[in-house]
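User: I would like to learn how to read the features of a protein model. Please take me through one step by step.

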Amino acid sequence: MASYKEIFGTNIEVLASDPANPVQGQVWYNSTDNVVKGAAATTAGAWATGGTMNTARNFSGDMSVGTQTSTLATGSLAPVAGNPGLTELYNGSAWTEVADLNSARYGLGGVGANNTEGLAFGGEAFPNPSPFFRNFSESWNGSVWTEVGDLNTARFSLGSAGTITSALAFGGEIPGSITGDTESYNGTSWSELNNLNTARRLLSGTGVDSTSALAIGGNNLTAAIGNVESWNGTSWTETTDLNTTRQGSGSAGASSTSALAVAGGQPPTLYTNTEEWDGVSWTETTDIPTGTAYQGGTGTTASAIVFGGGTPTLTNATYEWTGAGSPLIQTFTDS
């Protein structure tokens with residue numbers, strides 16, 4: 001039998017850890033794990049278990065901060081009474097506790113490119129001093145949280161999209177009702193914009209900046225809804241509904257034409273469904289291993305992460321998504 005070198009003209013490379021961005025067809029020997037591995041293309045998206053959070057939590061809210069290998073999680077209904085401001089950073093394998101929010105709250109919105117920068121806004125205080133709902137905004141610089149310009153409308157369980165200097169906040173719960181209010185942030189202050197067509201809470205949002213976003217699912221105070229709206233920088237337009245109606249789903253996506261909606265629920269049911277958006281329609285793809293709701297999520301349709309949530313008890317699980325056609329690391333065996 002011909003050797004690997006005789007077939008491909010080179011020896012299998014020896015690496016202490018798996019390469020960060022393997023190329024399809026690449027093969028290597030992991031000297032730490034003592035196994036041969038390779039990168040194969042996925043025919044469908046796949047979920048894998050990631051590092052466990054230090055604190056189980058849900059209601060992190062729509063904290064769309066970071067990437068699969070550089071994630072920020074903060075604000076949660078955690079089991080540490082009075083301290084839902086716990087913040088953790090993910091490096092692609094493990095979570096680390098860092099400085100807490102100045103104003104402890106849960107069900108907030110958030111944006112950011114990676115775990116060294118972020119913007120957290122809105123949410124509900126816990127325990128519940130009056131007023132319950134907050135309009136506070138805080139920025140993260142990789143070490144500490146700093147108070148910045150407040151939202152115009154205090155709210156809980158809102159949607160969010162964008163960056164720390166071009167953010168969008170939309171929907172959410174206000175005292176006694178729900179809202180479709182939309183606001184944009186320019187790095188200093190928030191400005192009122194056109195409202196969602198369908199007011200809602202417990203929704204998810206995706207989008208790379210304040211000119212392109214999606215508002216996904218949610219709850220209209222009566223029941224979960226599957227409504228999806230697209231933002232073009234000026235106004236919201238109703239588009240194709242989710243296949244599975246739900247609230248509190250995890251989400252990921254870089255624009256209004258590329259997104260994931262993951263898990264979520266329609267009480268008392270929790271879903272494992274994952275749906276992918278191509279700008280026209282939602283397509284069912286590989287289910288996440290465990291049904292959850294009110295989890296955090298971020299990334300793209302090629303590489304995403306969801307964390308925490310309720311199952312229905314609080315969970316500290318992390319799941320990582322590799323999209324269809326992307327290299328997927330596999331371990332070779334002799335069987």
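Analyst: Strands here are DSSP runs of E with at least two residues, numbered from the N terminus. This is a predicted model, where local features need pLDDT of at least 70 and side-chain atom pairs count only at pLDDT 80 or more, while totals for chains, interfaces and linings use all residues. Residues are numbered from 1 along each chain as its sequence is written, and side-chain values use heavy atoms, with hydrogens and water left out.

User: Is Ile 225 buried or exposed?

Analyst: Buried means under 20% relative accessible area, exposed means over 50%, and partly exposed lies in between (1.4 Å probe, protein chains only). Ile 225 has a relative accessibility of 9%, so it counts as buried. For a sense of distance, the C-alpha atoms of Ile 225 and Ser 64 are separated by 21 Å, and the two residues are 161 apart along the chain.

User: What is the bridge partner of Trp 47 in β33?

Analyst: The partner of Trp 47 is Trp 321. β4 and β33 (residues 318–322) pair in the antiparallel sense over 4 bridges.

User: What does a hairpin look like in this model, and how many residues lie between β29 and β30?

Analyst: β29 (residues 274–277) and β30 (residues 282–285) are antiparallel and share 4 bridges. They form a hairpin with 4 residues between them, and Gly 279 in the turn has a positive phi of about 100°. Across this pairing, Glu 275 stands opposite Glu 284 in β30.

User: How many aromatic pairs does the structure hold?

Analyst: Rings of Phe, Tyr and Trp (its six-membered ring) pair if their centres lie within 6.5 Å; planes under 30 degrees apart count as stacked, over 60 as edge-to-face and the rest as tilted. The structure holds 14 aromatic pairs. One of them is Phe 59 with Tyr 106, an edge-to-face pair at 5.7 Å centre to centre, with 70° between the planes. It links distant parts of the chain, 47 residues apart: Phe 59 is in the loop between β4 and β5 (62–67), and Tyr 106 is in β9 (residues 105–106). Both Phe 59 and Tyr 106 are buried.

User: Why is the pair of Phe 121 and Trp 190 called edge-to-face?

Analyst: Their ring centres are 4.9 Å apart and their planes are at 65°, so the pair is edge-to-face. Phe 121 is in β11 (residues 117–121) and Trp 190 is in β20 (residues 190–193), 69 residues apart. Phe 121 is buried, with a relative accessible area of 0%. Trp 190 also counts as buried, at 6%. Elsewhere, ring pairs link Phe 59, Tyr 106, Phe 133, Phe 156 and Tyr 294 into a cluster.

User: How is a pocket found, and how many residues line the largest pocket?

Analyst: On a 1 Å grid over the protein atoms alone, a pocket is an open set of points with protein on both sides within 12 Å along at least five of seven lines, and a cavity is a set where a 1.4 Å probe fits but cannot get out; lining residues have an atom within 4 Å of a point. Grid points are joined across faces, edges and corners, and a volume is the space filled by probe spheres set on the points. The largest pocket holds about 730 Å³ of space. Its lining has 26 residues, and Ala 20, Gln 68, Glu 320, Thr 322 and Ile 329 lie nearest its centre. β4 gives the largest share of the lining, 4 residues.

User: What volume does the second largest cavity have?

Analyst: Its volume is about 40 Å³.

Methods:
Two strands pair if DSSP finds at least two bridges between them.
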